[in-house]
Amino acid sequence: MIELAKSFVPAADETWRLQRGTDPECRFFQSFADEGHYRGAGGSRQGIYVVTPRGALLASANALDPDRVLELMRGSLESWRALPSEAREALTEATFAPVRRWEASYPADGLALTSTARDLSLDLDPSAEPILPSNPDHVWLSRAEALALAGLADTLVVGRYPRWLEAFVRRLARFHLVDNVRGQSLPFAPEEVEILHLSRVDFSDGEIRFSGSVRARAEGPWLMGESDWTPSREYPRGVETNFIARATLDVETSTFTEFE
């Protein structure tokens, strides 16, 4: 399979946006994915697709069996070799250029945090052997947002906090304190999040610390759309948690060397 893969141009992406979006990139994906192994309206488009640079579908499957994938690769390569030269030509990039991708917001000069979601054992012992699977997530702040933390020390008191810090905590609750252990999950709606407590921000010797607690609860129809894996849009979900944040700031260079 490794040797055969040299005849392909591998690419990986998530399908949730591609199968629902309306920009040129999404329409390009839908043009062949809707004709693949999951034909018909709606539903997931996860799987392996072999297409020409012009978007013609050669083969597809949603399979983890290496023998099945190897068969798919061999068959699609034979189909590719049988195509006339004009059918192998690529489209211009502008034909399927995305309007926006979320990773374009990644802050090159800000903070990028990595979180890992996993299930606990039945006795909720966090030190127990991890239950697979687990799923990484990424939380990022722009440079302006990160540096704003350092400026909060003189203005915060318990029960009163700047709008920016409240927005940051709400963002964590809405988009990152979700059950995404087995894949993507929908965010909580703004009205489903409640900040229970947010402490004073301490800033001394280059270290910033603050803590708080937040509750998010969704009952009835999910307000932020539909999810492929959700058994029912009536499926309730929620989280209530305490958090502690700590960051180390190099004052001379205005850069964070650690954040957790």
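User: How many helices and strands does the secondary structure come to?
Analyst: This is a predicted model. From the N terminus on, its elements run α-α-β-β-α-β-β-α-α-β-β-β-β-β. The secondary structure comes to five helices and nine strands.

User: Which residues of H3 are buried, and within what arc do they fall?
Analyst: Helix H3 spans residues 66–81 and reaches 23 Å from its first C-alpha to its last, close to the expected 22 Å. Its buried residues are Val69, Leu70, Leu72, Met73, Ser76 and Leu77. Seen down the axis of H3, these residues line one face of the helix, because they fall within an arc of 160 degrees.

User: Which exposed residues does the face of H3 turned away from the buried side carry?
Analyst: The cover over the buried residues of H3 includes S1 and S2. The face turned away from that buried side carries exposed residues, namely Asp67, Glu71 and Glu78.

User: Is Thr52 buried or exposed?
Analyst: Thr52 is found in the loop between S1 and S2. Leaving out residues up to four places away in sequence, Thr52 touches Leu58, Trp80, Leu83 and Ala87. The cut-off for buried is under 20% relative accessible area. Thr52 has 3% relative accessibility, so it counts as buried.

User: What parts does the salt bridge of Arg45 and Asp34 tie together, and how many residues apart are they in sequence?
Analyst: The side chains of Arg45 and Asp34 meet in a salt bridge at 2.9 Å, N to O. Arg45 counts as buried at 4% relative accessibility, whereas Asp34 counts as partly exposed at 31%. Both residues lie in the loop between H2 and S1, so the pair ties together parts whose separation in sequence is eleven residues.

User: Where do Arg170 and Glu166 lie?
Analyst: Arg170 forms a salt bridge with Glu166, with the closest N and O atoms 3.0 Å apart. Arg170 is partly exposed at 27% relative accessibility, and Glu166 is partly exposed at 24%. The two are four residues apart, about one turn of the helix, and both lie in helix H5.

User: Which strands does the pair Glu194 and Arg215 link?
Analyst: The side chains of Glu194 and Arg215 meet in a salt bridge at 2.9 Å, N to O. The pair links distant parts of the chain, 21 residues apart: Glu194 is in strand S5 and Arg215 in strand S7.

User: Which residues do salt bridges that share partners join into one network?
Analyst: A search of the whole structure finds eleven salt bridges. Those that share partners join one network of Asp13, Arg17, Asp23, Glu25, Arg101 and Glu103.

Definitions and conventions
Residues are numbered from 1 along each chain as its sequence is written. This is a predicted model: local features need pLDDT of at least 70, side-chain atom pairs count only at pLDDT 80 or more; totals for chains, interfaces and linings use all residues. Side-chain values use heavy atoms; hydrogens and water are left out. The expected span of a helix is 1.5 Å times one less than its number of residues. Buried means under 20% relative accessible area, exposed over 50%, partly exposed in between (1.4 Å probe, protein chains only). The arc is that of the directions from the helix axis to the C-beta atoms. Contact means heavy atoms within 4.5 Å. A salt bridge is a side-chain nitrogen of Lys or Arg within 4 Å of a carboxyl oxygen of Asp or Glu.
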